[in-house]
Protein chains: 4
Amino acid sequence: MRIGVLTGGGDCPGLNAVIRAVVRKGVAVYGHEFVGFRDGWRGPVEGVSGPLGIDQVRGILPRGGTILGSSRTNPYKIEGGVDAIRKNLAALGVDALIAIGGEDTLGVAKKLTDEGIPVVGVPKTIDNDLNATDYTFGFDTAVTIASEAIDRLHTTAESHHRALVVEVMGRHAGWIALHSGLSGGANVILVPERPFDIEQVVKHVEHRFESHYAPIIVVAEGAMPSGGAEQLRNDKKDAFGHVQFGGIGTWLAAEIETRTGKESRAVVLGHVQRGGTPTAFDRVLATRFGLHAIDAVNDKDFGKMVALHGTAIVRVPIEEATAELKTVPPERYAEAEVFFG
Amino acid sequence: MRIGVLTGGGDCPGLNAVIRAVVRKGVAVYGHEFVGFRDGWRGPVEGVSGPLGIDQVRGILPRGGTILGSSRTNPYKIEGGVDAIRKNLAALGVDALIAIGGEDTLGVAKKLTDEGIPVVGVPKTIDNDLNATDYTFGFDTAVTIASEAIDRLHTTAESHHRALVVEVMGRHAGWIALHSGLSGGANVILVPERPFDIEQVVKHVEHRFESHYAPIIVVAEGAMPSGGAEQLRNDKKDAFGHVQFGGIGTWLAAEIETRTGKESRAVVLGHVQRGGTPTAFDRVLATRFGLHAIDAVNDKDFGKMVALHGTAIVRVPIEEATAELKTVPPERYAEAEVFFG
Amino acid sequence: MRIGVLTGGGDCPGLNAVIRAVVRKGVAVYGHEFVGFRDGWRGPVEGVSGPLGIDQVRGILPRGGTILGSSRTNPYKIEGGVDAIRKNLAALGVDALIAIGGEDTLGVAKKLTDEGIPVVGVPKTIDNDLNATDYTFGFDTAVTIASEAIDRLHTTAESHHRALVVEVMGRHAGWIALHSGLSGGANVILVPERPFDIEQVVKHVEHRFESHYAPIIVVAEGAMPSGGAEQLRNDKKDAFGHVQFGGIGTWLAAEIETRTGKESRAVVLGHVQRGGTPTAFDRVLATRFGLHAIDAVNDKDFGKMVALHGTAIVRVPIEEATAELKTVPPERYAEAEVFFG
Amino acid sequence: MRIGVLTGGGDCPGLNAVIRAVVRKGVAVYGHEFVGFRDGWRGPVEGVSGPLGIDQVRGILPRGGTILGSSRTNPYKIEGGVDAIRKNLAALGVDALIAIGGEDTLGVAKKLTDEGIPVVGVPKTIDNDLNATDYTFGFDTAVTIASEAIDRLHTTAESHHRALVVEVMGRHAGWIALHSGLSGGANVILVPERPFDIEQVVKHVEHRFESHYAPIIVVAEGAMPSGGAEQLRNDKKDAFGHVQFGGIGTWLAAEIETRTGKESRAVVLGHVQRGGTPTAFDRVLATRFGLHAIDAVNDKDFGKMVALHGTAIVRVPIEEATAELKTVPPERYAEAEVFFG
């Protein structure tokens with residue numbers, strides 16, 4: 001067989017490990033050939049591809065990013081996008097695709113399979129918010145980076161009697177905040193799934209200061225006060241007299257400082273969370289995803305996605321993953337609340 | 001309730017995270033009191049204990065080791081050991097125990113419960129070889145450390161045209177070798193579950209050198225050549241003319257050098273794998289184990305052990321974990337073999 | 001002798017290593033006693049202190065922050081501040097002080113010595129902008145953290161064809177930007193010492209994109225476009241329609257995106273750079289500073305500061321360090337410019 | 001000009017950073033061309049070389065090892081070696097060489113220059129034992145790795161009431177032991193420069209145990225008991241009844257266990273110390289060495305070596321570095337002794 005591989009959506013440590021495993025097993029065990037499509041769905045739509053063999057995947061296991069590039073191109077939002085894919089695959093003699101990506105990429109994979117273009121999916125999201133798999137690769141790396149940052153901030157909070165707010169990724173799901181907050185010993189963890197009461201947050205902060213310790217608050221970028229986004233409009237002014245909203249972390253630090261009189265600072269971790277070498281956990285998971293994805297292609301088991309169930313890699317229909325977001329359930333959040341304040 | 005806590009067996013990053021979670025939830029949610037027994041079962045046998053409260057567990061989440069100390073004391077191997085425990089618990093007013101440890105510690109916990117001393121177990125093994133739980137804390141940390149070492153060794157192997165053998169922990173199970181070898185891109189992985197053919201290993205090594213790359217071989221300390229331990233007797237001599245056997249890694253490097261004529265070196269990672277701060281994964285797992293262990297005690301659900309099933313923490317009878325060792329199954333080893341040579 | 005120790009100013013990894021070395025050598029070699037003043041000059045001014053002996057410094061070598069706390073209190077800005085210090089030292093029987101801090105703390109140390117309160121200084125600045133010493137502890141840690149972040153960002157820039165701007169510490173001196181940019185392989189490094197031409201920056205960025213690579217721009221928080229701060233007023237609006245200025249990194253990313261049409265993102269590293277465990281380099285430097293500071297006190301060589309000259313720790317008059325800022329000289333910046341574009 | 005570059009001797013993080021800086025500045029600023037000789041002096045002797053330009057050095061800054069390979073080939077130990085070099089340089093049109101290496105490589109560089117083959121040297125030794133430069137790159141990385149290992153071992157020593165012996169690199173000079181021991185808070189540091197009294201070591205160990213803490217002993221591989229190597233002959237037997245000597249670390253752990261009755265273990269860090277990505281400190285130093293080496297070639301200032309003096313990179317005659325070994329002076333060792341026991 002001749003198989004095309006592509007990576008779509010945001011950056012995520014482990015993408016190269018998947019690609020390497022697909023190619024290594026595909027070539028050595030099944031004798032398949034590969035085509036590397038560039039920049040997600042843009043590759044097959046525009047027919048942009050390059051060679052993808054043992055040489056191309058050498059040494060990429062520990063490397064962050066993706067050797068194939070990525071984009072958010074969606075063939076269903078491009079006039080004639082699907083036909084272009086069909087034509088380009090035919091021209092290149094490509095029999096099937098492996099699409100590594102998140103909700104959007106997998107959604108396209110599902111639709112294409114339904115229309116006769118055979119695709120196997122590999123789930124990818126730093127946010128861990130895809131259903132049908134226990135974990136996605138990249139998540140452990142993001143949690144690790146955030147947790148190391150929180151470790152570093154504890155001592156500075158303590159020495160300077162400050163509240164420190166750490167904003168981590170997670171627009172719709174609070175998994176990174178939950179796990180890095182648990183791991184880092186945060187005193188409050190705020191997630192999008194649970195609108196927070198700013199007065200309750202302030203109480204935890206004050207309680208912590210009363211015990212002569214300094215609070216660390218971990219907040220997912222998508223967390224919101226219970227009053228909703230309206231609450232966030234405020235009149236903080238910068239050095240130029242301009243009103244600003246720099247994100248929930250910055251807002252929260254300002255609120256805490258105003259309400260408690262204690263110096264408060266925000267740290268916004270940003271893109272550092274999604275780049276660089278994957279953790280060992282993510283390398284193993286991504287490698288196993290790749291090995292099982294090429295098995296699925298070889299079995300012509302299309303429209304499926306590989307997934308982690310316990311310690312086993314299984315195949316599930318793609319729509320199981322994309323039907324709805326996997327958010328933090330109340331009982332998991334309750335585990336963390338034990339440590340608040 | 002008044003609950004005793006102890007940690008037994010070898011060192012394992014995450015022990016302190018369990019202790020902290022047990023105490024934090026026990027005090028805050030259930031209003032329990034705690035007694036910290038010293039050095040595993042030695043503590044209750046000899047009546048050596050100290051206070052264990054919010055103050056004692058402050059700041060210990062990221063710390064390796066165990067604030068309670070550890071030992072390999074087994075009350076069933078001490079004359080009157082169990083009676084001594086019974087007497088000491090009564091004297092201290094201790095109603096139940098939480099025992100954090102591996103096969104031996106948990107085996108004692110089960111027997112004691114059967115004899116009316118109520119214990120809840122928390123599984124602990126760096127080697128990941130306990131059944132009934134997907135993973136144990138400490139394992140991810142050991143794999144991470146081994147994987148980082150392998151990353152470092154790749155470039156030195158390459159630059160000096162050398163074979164490098166990395167000996168990792170695992171006397172009876174090859175989990176650390178398997179995962180760190182997969183994560184580190186090893187060219188051969190040798191585990192206790194599968195006696196290896198030294199000639200096949202040499203073939204992989206030579207193949208790798210022929211491709212102008214340098215091989216990394218990851219070997220579990222308990223791996224053996226198919227001829228068995230007899231094979232390991234050899235006549236390598238040190239600077240003082242003494243014959244020596246320094247472990248399987250050293251033996252293997254010498255064999256490879258002799259058989260291929262290529263310079264070969266062994267690195268024995270040793271205790272570095274089991275000390276120091278736990279990874280974020282292990283901190284979260286250990287914390288959740290602690291939270292659920294105190295729930296089990298509170299529910300008087302004794303003779304049980306907390307365990308990870310997928311993403312859920314569940315309770316299982318202790319004997320499920322200790323009945324037999326969880327070794328690397330053939331299909332998991334086969335995944336890794338794709339990358340050999 | 002009875003010696004007071006204090007730490008002033010911003011957080012800096014290595015403070016605890018200095019304190020430990022002072023106390024360990026002071027007690028073991030000279031038989032001195034110590035008093036730990038709290039929160040910088042606030043301690044002696046308000047008479048807030050605690051015991052400081054072998055027990056207090058145990059285990060603190062690898063820990064970030066300072067066990068003594070810190071503040072920006074300046075006795076010369078407090079009515080009767082110096083007299084209060086004199087009175088409190090007398091009451092506690094303190095013969096001399098060791099003051100660990102930056103320009104402000106050392107400036108006070110110098111003045112107090114001139115007024116008969118004997119102080120030895122230990123230089124501390126994460127920014128490395130103190131004269132009379134080759135390096136200060138904390139700087140290597142900050143550079144290391146920034147460099148690791150840049151390593152992580154390279155792959156994400158590459159995979160997503162984005163420009164990434166990394167804002168690091170350095171209001172008045174660009175040392176952290178220079179060293180982390182050199183270490184991280186940045187394509188442009190901007191420092192406060194050299195106002196930058198935004199058009200030249202854009203040219204470098206475009207050149208980098210033309211070579212099919214993605215640019216990383218490292219910018220010190222105090223860097224400014226050659227037009228000055230006026231340039232920074234802009235009309236970027238956030239989701240609430242508010243104009244904002246989030247710092248030079250954010251401004252620069254927006255400018256680059258506007259001028260090149262390429263997606264650009266800013267990462268502001270913030271407080272993560274100054275917290276947490278010191279690097280080995282900083283632990284050795286801080287330890288040696290501590291050992292030599294207590295020697296100086298023992299020699300009654302007051303008004304001096306310990307300093308690193310090559311590999312030797314020497315004593316210099318405090319005023320040598322505080323007379324003017326040590327900024328990045330043109331020839332050091334020129335070294336980095338070789339790699340621009 | 002057309003300039004050959006080679007790397008000789010043992011592995012050392014930072015070699016690639018030097019190569020990159022040489023080529024980047026040589027091409028961009030001076031318009032030079034480069035030839036990459038393979039495997040140290042073997043390259044010019046056997047005429048084995050490859051292209052070395054901007055493309056070859058892209059992305060290598062953070063990578064350990066050397067893209068040029070290395071060996072211990074010495075042209076002066078090969079019949080006609082120097083003539084072969086002369087012939088091969090002429091054939092390739094190479095005007096000058098940059099030789100990056102330790103004592104041996106630099107010694108050859110000096111002799112060749114004297115015989116009319118123009119060479120500029122770049123000092124390289126993980127052991128930091130070259131004179132005429134404050135530090136060499138690679139040393140900080142080795143110290144960092146050893147220090148992180150010691151950090152990890154503290155908690156396991158403590159929890160298990162064990163003595164842990166950490167053997168680090170350093171056959172003739174104890175710099176790595178000294179710095180990593182200071183950084184890691186070792187209780188005893190043993191270096192080749194100072195033969196140790198085993199009874200004194202045991203006293204420190206016992207004192208530490210008496211204070212209810214567990215000792216960490218850092219020993220350089222070349223350290224020796226005051227009785228000399230004869231002391232090391234002993235009759236420890238392995239599982240096969242063979243007498244063994246596994247290195248000073250293993251010997252020391254066995255001695256301590258025998259003499260104190262306390263469980264003792266050795267960890268031999270080995271090659272992990274010299275592989276993998278360089279620290280930020282080493283990347284900056286190596287980069288600056290490279291920039292100044294190409295300046296020296298451009299200035300036709302041959303027979304010189306770049307060196308670090310304070311914060312400046314200077315040029316010194318190669319023979320200043322190779323005349324004698326830079327060992328740990330008594331006053332530096334005395335600094336560390338303050339912390340013994």
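Superposing chain D on chain C takes a rotation of 180° with 0.0 Å of shift along the axis, at an RMSD of 0.0 Å (least squares on the C-alpha atoms of residues with pLDDT of at least 70 in both copies). The two copies are thus related as by a two-fold rotation axis. Within chain D, the C-alpha of D:Gly310 lies nearest this axis, at 1.9 Å. The model is a predicted one, in which local features need pLDDT of at least 70 and side-chain atom pairs count only at pLDDT 80 or more, while totals for chains, interfaces and linings use all residues. Residues are numbered from 1 along each chain as its sequence is written, chains are lettered from A in the order in which they are written, and side-chain values use heavy atoms, without hydrogens and water.

Turning to the interfaces, 97% of the interface residues of chain D are also interface residues in chain C, so these copies meet through the same surface. Contact (heavy atoms within 4.5 Å) is absent between chain B and chain C, whose closest C-alpha atoms are 11 Å apart. Chain A and chain D do not touch either, with their nearest C-alpha atoms 11 Å apart.

Over all chains, the structure holds 82 salt bridges (a side-chain nitrogen of Lys or Arg within 4 Å of a carboxyl oxygen of Asp or Glu). A:Glu221 forms a salt bridge with A:Arg171, with 3.7 Å between the closest N and O atoms. A:Glu221 sits in the loop between β8 (216-220) and α9 (248-260) of chain A, and A:Arg171 in the loop between β6 (163-168) and α7 (175-184), so the pair ties together parts 50 residues apart in sequence (helices, H or I, of at least four residues and strands, E, of at least two are DSSP runs, numbered from the N terminus).
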